[in-house]
Amino acid sequence: MKITNSKSIFAEANKYIPGGVNSPVRAFKAVGGEPLFIERAEGSRLYDIDGNTFIDMINSWGPMILGHANKMVEASVTTALKNSPSFGAPTEVEVQMAELIVNMVPSVEKVRMVNSGTEATMSAIRLARGFTKKDKIIKFEGCYHGHGDSFLIAAGSGAVTMGSPDSPGVTRGTANDTLIAGFNDLNSVEVLFQHNPREIAAVIVEPVAGNMGCVSPDPGFLEGLKELCHANEALLIFDEVMTGFRLAPGGAQELFSVTPDLTTLGKIIGGGFPVGAYGGRKEIMDTISPTGPVYQAGTLSGNPIAMSAGYAQLKYLKEHPEIYQELDDTTADICSGIQKNLEKLNLDFKINRVGSMFTLFFNNEEVRNFTDAKNSDMEAFGRYFNLMLERGVYLAPSQYEALFISTAIDKSDVDHIIDSNFKSLSKMYN
Ligand code: KE4
């Protein structure tokens, strides 16, 4: 695989950008080697600047659920672009977008647009604190909610991949207000509520964890969280930045029929543009400025370009719910092919899948929480990643990430992924 141009551009990038990347996990630090610089993408394919082609199984970490360069999304953006990209004033498309989100997401009666998942989660916990007049929050070890200070404690995704799940720069005071529980461990949550009576504003959770690798909630876990929150007058926040519009039109809360008090959204909602959102019950959302005292703002929040892209993508997903079965079938085919390969090679590694997100753990034990995930063979994952890359399959460069399937991945792509998986594992273990 030729990487000359990527190598020279990466050397250049390191002169001007920390680590040569604008988001740490892209640096390939956990898997060795250097990042490839992508020139363009179309459908299920990525094309790098050295002419290499890859089947994309990250899809920009989730947003490109309809594949790359989707003509419908492109058309909506081109039209909006002619009217100038941003006004900093209300536009009709923002109302259409808000109405669509309210119709699609069960917990959302009112919604505020922001510019990233991080902004959405930061705003949601400020709102929860303002609404409940309490300071502490509970998050789960290995879950990642963006890079807001309150979340960079026992954080997953790039934070743990880079070895800083508790980032320097987060003050002791902030850290003291973030309590850590275990994913799928309701008792750990109950104990925190008992030890911090009347102090906990909210519990924030990825309803399906995707930042310790993909880990699904045990039966009753999400329902149990809701009961514990309401018994202690705290709010339940589902961070659906990853699962929103991915696992169902109404996200994980539709799939598992558990409705939180607040929901944060990102990724798919923007159709590839920088968009986040947070929403929930009217009485809570009306606590946000200008209707209430909790302040939150943003120059480009709801800008017409991002709204046009996100609205086009969400509208398509709402009007074509059949794609969720298609995505589930495609992902199931990939995972059953990989499972057959593992059995042929006498390997007992685990595949965790929910809908069109999954992770192959280099781990002989079931992975139900962050402790289990950390026991995976990271060195083996790194070798596997590079062997698959050489075979033209672009995976997430960390064992602590999920893969995201798009509707553009077709039968021949599935066959190539399964074949490359077999050849890569054979090279490693045969
Ligand atoms: P952003 O600020 O990156 O838009 O969203 C933060 C965020 C919030 N909540 C969840 C559940 C998330 O998964 C994320 C971001 N996900 C990572 C991938 N694991 C983004 C990739 C990156 O950091 O470059």
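Colleague: Which strands form the open sheet with mixed pairing, and in what order?

Modeller: First, a word on the source: this is a predicted model, where local features need pLDDT of at least 70, side-chain atom pairs count only at pLDDT 80 or more, and totals for chains, interfaces and linings use all residues. Residues are numbered from 1 along each chain as its sequence is written, and side-chain values use heavy atoms, with hydrogens and water left out. Strands (E, at least two residues) and helices (H or I, at least four) are DSSP runs numbered from the N terminus, and two strands pair if DSSP finds at least two bridges between them. The open sheet has 4 strands, in the order β1-β2-β3-β13.

Colleague: Which are the edge strands there?

Modeller: Look for strands that pair on one side only. That picks out β1 (38–42) and β13 (393–394).

Colleague: And what stands opposite A41 in β2?

Modeller: β1 and β2 (residues 45–48) run antiparallel, joined by 4 bridges. Opposite A41 you'll find L46.

Colleague: How does the radius of gyration of the chain sit against the globule rule?

Modeller: The chain has 15 helices and 14 strands. Its radius of gyration is 21 Å, so the chain is as compact as a globular protein of 430 residues. The radius is taken over C-alpha atoms, and the rule is 2.2 Å times the number of residues to the power 0.38. For this chain the rule gives a close value, 22 Å.

Colleague: What share of the residues count as buried?

Modeller: Buried means under 20% relative accessible area, exposed over 50%, and partly exposed in between (1.4 Å probe, protein chains only). Of the 430 residues, the buried share is 56%.

Colleague: Is β8 enclosed or open?

Modeller: Check the residues of β8 (235–239): 5 of the 5 are buried. Both faces are covered, with L235, I237 and D239 on one side and L236 and F238 on the other. In general, side chains in a regular strand alternate between the two faces of the sheet. Since 5 of the 5 residues of β8 are buried, the strand is largely enclosed.

Colleague: In β8, which residue is the bridge partner of I204?

Modeller: Strand β7 (residues 200–205) runs parallel to β8, with 4 bridges joining them. The bridge partner of I204 is I237.

Colleague: Which residue in β7 stands opposite I138?

Modeller: β5 and β7 pair in the parallel sense over 3 bridges. In β5 (residues 136–140), 5 of the 5 residues are buried, with K136, I138 and F140 on one side and I137 and K139 on the other. The residue opposite I138 is V203.

Colleague: In β6, what is the bridge partner of I137?

Modeller: β5 also runs parallel to β6 (residues 178–181), over 4 bridges. The partner of I137 is T178.

Colleague: What is the relative accessible area of D261?

Modeller: D261 is in the loop between α9 (251–255) and β9 (262–265). Beyond its neighbours within four places in sequence, D261 is in contact (heavy atoms within 4.5 Å) with H230, A234, L235, L236, G279, G280, R281 and I284. D261 is buried, and its relative accessible area is 3%.

Colleague: How far apart are the C-alpha atoms of D261 and R281?

Modeller: D261 and R281 are 20 residues apart along the chain. Their C-alpha atoms are separated by 6.2 Å.
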